[in-house]
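The report below follows individual residues first and then turns to the arrangement of the chain as a whole. Please keep the structure open while reading.

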Amino acid sequence: MKGLFSEYPDVYERYFPQHCPLTDERLNAAIDKYPAVMDEMKKASHRLPEIIKEVNATYTSTYHFNHDLQFHLFIGSFGSNAFVEAKVAGDIFFAIEKLSAKEEHMKVIAAHEIGHVYHNVISGEEGIDWRNIDWMHGMTTLYREGVATYLSKRIVENVDEPVYFSYNDEGIGWYAFAEKNRHSIIKAFQEDTIGQWNMEKEREWFRLSGGNRFGYNRLGYYIGTLFVEHLVNELGEREALTLWASNSLHSRIEDWLDEQIHLSQKVNN
C-alpha cells in the first residue's frame, strides 16, 4: 500500500493525517481487513464512476450546476469514507474500502459530497467572505453537513431515510435512536457548543471515530439536517442554503437549539 502513497501523493497528502491517522499499526490492520471487503471494493470501483456521472447530471438538471469537478477514487485505511476540500474547490475523494457497492448507497454518498461543492459555489455567488467562516466550529460543521444531507435527499429520492446518514444498510438502529432521543441529542450538542470548540467535540459529533457520548457516531449530521430542513421551510431553499453568507448562521442555530429544547420541556411538563 505504501507504494500507492508515492504514486498518488496528491490524494494521500490530503487523506493523511486529516481523515485517517498514518501509523504502521493502522496500515497493517487495513491490509488484514482488505480481503474481507475485496469483492465489494471491486464492485464499487467498477460502478462508482458511472454513478457519479448520473448524480452529477441530476445536479445539473435540478440546479443548473455545472462546476468543474475532479473525482478521486482511492484505497484508504478504513478512515473517512469520502471528503471534499472545506473551501470552494472541485476535488472530491472516495475511499473505496469504506463504500457499500449497492447502487442507491453510492448515489447518496456521491450526492452528499457533490452537495458540499454546490453549497460552496452558490454561497460564493451570494458574496460570502470565506475569511469570516470559522471552519473548525461545530455549528459550522453542523450546517455544512445538514446542507449536504438535505441536498442528497433532493437529488436521490425514494431511499430509506437511514441511508442518507449511513450510506449503507447499517443505519437503521442509528436512525431509530436519533429519532427517539432527538431532544436529548440536541441538548447535549448545545451543551458542547458552550465554551471552546475543539477536535474532541468535532470527532464526537461529526467523525466516524466519535460516538462516546451516546454510543452512536456522527449524530451531528442528524441535528444539522433537522436544522436545515427547518430553515428551508422558513426561508426558502436558496436563502437557507446560503445563510452563512450573512454572518448570522451561529445566532440562528443558537435560537433554533433553544427553541427545540423549550418545546421538549413543554411536552414533558
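Phenylalanine 71, once its neighbours within four places in sequence are set aside, is in contact with Ile52, Ile92, Phe94 and Ile114. In this predicted model, phenylalanine 71 is placed in strand S1, which covers residues 70-74. Phenylalanine 71 has a relative accessible area of 27% and is therefore partly exposed, since the range assigned to buried residues ends under 20%. Between phenylalanine 71 and glutamate 25 there are 46 residues in sequence, and their C-alpha atoms lie 28 Å apart in space.

One of the contact partners of phenylalanine 71 is Phe94, and the contacts of phenylalanine 94, not counting residues up to four places away in sequence, include Leu48, Ile52, Phe71, His72, Leu73, Phe74, Leu99 and Ile109. Phe94 belongs to the largest nonpolar core, which has 76 residues, and it is one of the six members that touch the most others, together with Tyr59, Phe65, Tyr143, Trp205 and Ile223. At least three residues of this core come from each of domain 1 (1-126) and domain 2 (129-268). Apart from it lies another core, of 10 residues, including Val11, Phe16, Cys20 and Ala95.

The protein chain is divided into these two domains, domain 1 (1-126) and domain 2 (129-268), and their C-alpha centres lie 22 Å apart. Their contact takes 34 residues from domain 1 and 28 residues from domain 2. About 2700 Å² of area is buried between the two domains, and carbon and sulfur atoms give 65% of that area. Val108, His112 and His119 supply 23% of the area that domain 1 buries against domain 2, which is more than any other three residues.

The polar side of this interface comprises 3 salt bridges between domain 1 and domain 2, while the count of residue pairs in polar contact, both at pLDDT 80 or more, is 12. Helix H3 (24-63) and helix H4 (103-125) are the elements that give two or more residues to the side of domain 1 that touches domain 2, and H4 gives the most to that side, with 16 residues. A salt bridge is also formed by aspartate 169 and lysine 102, whose closest N and O atoms are 2.4 Å apart.

Which residues does lysine 153 touch, not counting residues up to four places away in sequence? They are Glu161, Tyr164, Thr225 and Glu229. Lysine 153 lies in helix H5, residues 138-155, and it counts as buried because its relative accessibility is 18%. Threonine 242 is found in the loop between helix H11 (237-241) and helix H12 (249-268), and its relative accessibility of 8% means that threonine 242 also counts as buried. Leaving aside its neighbours within four places in sequence, threonine 242 is in contact with Ile122, Ser123, Glu126 and Tyr143.

| Side chain | Partner | Distance |
|---|---|---|
| lysine 153 | side chain of glutamate 161 | 2.3 Å |
| lysine 153 | side chain of glutamate 229 | 2.9 Å |

Tyr143, a contact of threonine 242, is in turn one of the members of the largest nonpolar core that touch the most others.

Key:
Residues are numbered from 1 along each chain as its sequence is written. This is a predicted model: local features need pLDDT of at least 70, side-chain atom pairs count only at pLDDT 80 or more; totals for chains, interfaces and linings use all residues. Side-chain values use heavy atoms; hydrogens and water are left out. A nonpolar core is a set of buried Ala, Val, Leu, Ile, Met, Phe, Trp, Tyr and Cys residues joined through side-chain atoms within 4.5 Å. Buried means under 20% relative accessible area, exposed over 50%, partly exposed in between (1.4 Å probe, protein chains only). Domain bounds come from an automatic or database domain assignment. Contact means heavy atoms within 4.5 Å. Buried area is the accessible area (1.4 Å probe) that two parts lose on being put together, summed over both. A salt bridge is a side-chain nitrogen of Lys or Arg within 4 Å of a carboxyl oxygen of Asp or Glu. A polar contact is a pair of N or O atoms within 3.5 Å; within protein, one must be able to donate a hydrogen and the other to accept it, and residues adjacent in sequence count only if both atoms are side-chain atoms. Helices (H or I, at least four residues) and strands (E, at least two) are DSSP runs, numbered from the N terminus.
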